[in-house]
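Work through the exercises below with the sequence and the model open side by side. Try each task before reading its solution.

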Amino acid sequence: MAEPDSAVSIQEPFTAASATASVRTAASMPQSGRMWGFALRDVLPHKLSADGVVAVAGEFPRIARFLSEQFAMFTEESQGSTPNPIVSKRKLEYLRDACDLIELRHGDETVGVFVGAPEDWSSYYVRMFAVRRDFQRPAVIRRFVRECLFTPLAEHAVERISAETSPANIAMSRLFTELHFHATGHHLSDRWGPMVRYTRFLSPASEEQFLRKFGAGAPADSPRKNEELEA
Ligand SMILES: CC(C)(COP(=O)(O)OP(=O)(O)OC[C@H]1O[C@@H](n2cnc3c(N)ncnc32)[C@H](O)[C@@H]1OP(=O)(O)O)[C@@H](O)C(=O)NCCC(=O)NCCS
């Protein structure tokens, strides 16, 4: 289980109370669908492992319950904040109505969750992914990110994906590096403490521009290593 200081930026009102919040109505559309005419749930369900882990369109109450049961340290309260009730209500509505919500299901259990949303017209922001400890490290998340994020977002002209994590979160930092994210920022947050920002370019032109400006001296990517990781 991750330590509290490894939490990333989804310290949302995922409490037992929010687990009973109403499910997003079938008619409602996450921000990605409204902005881009495409939502990540459109490519689901998607099988991720031979033993039956499947990515499916998420249901907010189940995601809230999963996080409160498995990752209770990912709350603002556990980080020492006392959220304003009005802000908490808005956050809940934002997560429920604006974000892409995905669950990793195994049988009738939720074993992982993903929450994300467009950051601007050409950028996507990953707020959270977390996998139940006994389902970690058979490369399910690596596969999920490639097949359910990179591919569909790139096909819809999204140019970059960004995410943040604590510098102490070794699992996330390694995963980002393997998936060819670049470290693109550091900041201090009143809510989550020190965070490193990572960006994965989906558009070769955007990555070329980034490397031209900032990548002088960095060794070229190794195709052999990437082939190994695809295997
Ligand atoms: C981060 C997390 C989602 C990764 O899930 P996962 O199912 O283990 O991911 P994968 O199996 O696809 O692992 C891919 C790579 O990530 C890195 N990694 C994953 N867990 C790791 C760990 N405990 N220590 C070091 N590296 C780790 C490894 O490089 C791994 O590749 P390898 O197993 O071939 O060495 C999972 O560790 C998790 O849920 N952590 C707790 C919640 C969290 O911190 N979420 C991020 C904040 S939003």
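Residues are numbered from 1 along each chain as its sequence is written. The model is predicted: local features need pLDDT of at least 70, side-chain atom pairs count only at pLDDT 80 or more, and totals for chains, interfaces and linings use all residues.

**Exercise 1. Confidence and overall make-up**

Task: Judge how far the model can be read, then list its elements.

Solution: 
- Start with pLDDT, the predictor's confidence in each residue, from 0 to 100. Its mean over the chain is 86, and 83% of the residues reach 70 or more.
- Next, look at residues 1-22. Their pLDDT is below 50, yet this stretch has 61 contacts in the model beyond near neighbours in sequence. A contact needs C-beta atoms, placed from the backbone, within 7 Å.
- Low pLDDT means the predicted coordinates should not be read in detail.
- Now the elements: seven helices and eight strands. Both are DSSP runs, numbered from the N terminus: helices are H or I with at least four residues, strands are E with at least two.
- Residues 24 or more positions apart account for 69% of them.

**Exercise 2. The sheet**

Solution: 
- Two strands pair if DSSP finds at least two bridges between them. The eight strands give an open, mixed sheet in the order β1-β2-β3-β4-β5-β6-β8-β7.
- β1 (46-47) and β7 (182-189) are the edges. Each has a single partner strand, so one side of each lacks a neighbour in the sheet.
- Check β2 (53-57) against β3 (100-106): they run antiparallel, joined by five bridges. Val54 pairs with Arg105.
- Move to β6 (160-165) and β8 (193-201): six bridges, again antiparallel. Arg160 has Phe201 as its bridge partner.
- Finish with β7 and β8. Seven bridges join this antiparallel pair. The two strands form a hairpin with three residues between them, and Ser189 stands opposite Gly193.

**Exercise 3. The ligand shell**

Task: Which elements supply at least two residues of the shell around the ligand?

Solution: 
- Count the shell, taking residues whose C-beta atom, placed from the backbone, lies within 6 Å of the ligand. There are 23, and the closest are Gln136, Ile141, Arg142, Ala171 and Leu175.
- Assign the contributors: β5 (123-131), α4 (140-155) and α5 (170-178) each supply at least two. α5 gives the most, six residues.
- Sort by type: 15 nonpolar, four polar and four charged. Ala, Val, Leu, Ile, Met, Phe, Trp, Tyr, Cys and Pro count as nonpolar, Asp, Glu, Lys and Arg as charged, and the others, Gly among them, as polar.

**Exercise 4. Core and surface**

Task: Is Gly80 buried or exposed?

Solution: 
- Buried means 20 or more other C-beta atoms within 10 Å of a residue's own, exposed 12 or fewer, partly exposed in between, with C-beta atoms placed from the backbone. Of the 231 residues, 33% count as buried.
- A nonpolar core joins buried Ala, Val, Leu, Ile, Met, Phe, Trp, Tyr and Cys residues through C-beta atoms within 7 Å. The largest has 46 residues; Leu67, Leu104, Val113 and Phe144 touch the most other members. α4 gives the most to this core, with seven residues.
- Inspect Val113. Beyond four places away in sequence, its contacts include Ile63, Phe66, Leu67 and Met128.
- Now Gly80, in the loop between α2 (60-70) and α3 (85-98). Gly80 is exposed, because 9 other C-beta atoms lie within 10 Å.

Notes. Near = placed C-beta within 6 Å. Contact = placed C-beta atoms within 7 Å.
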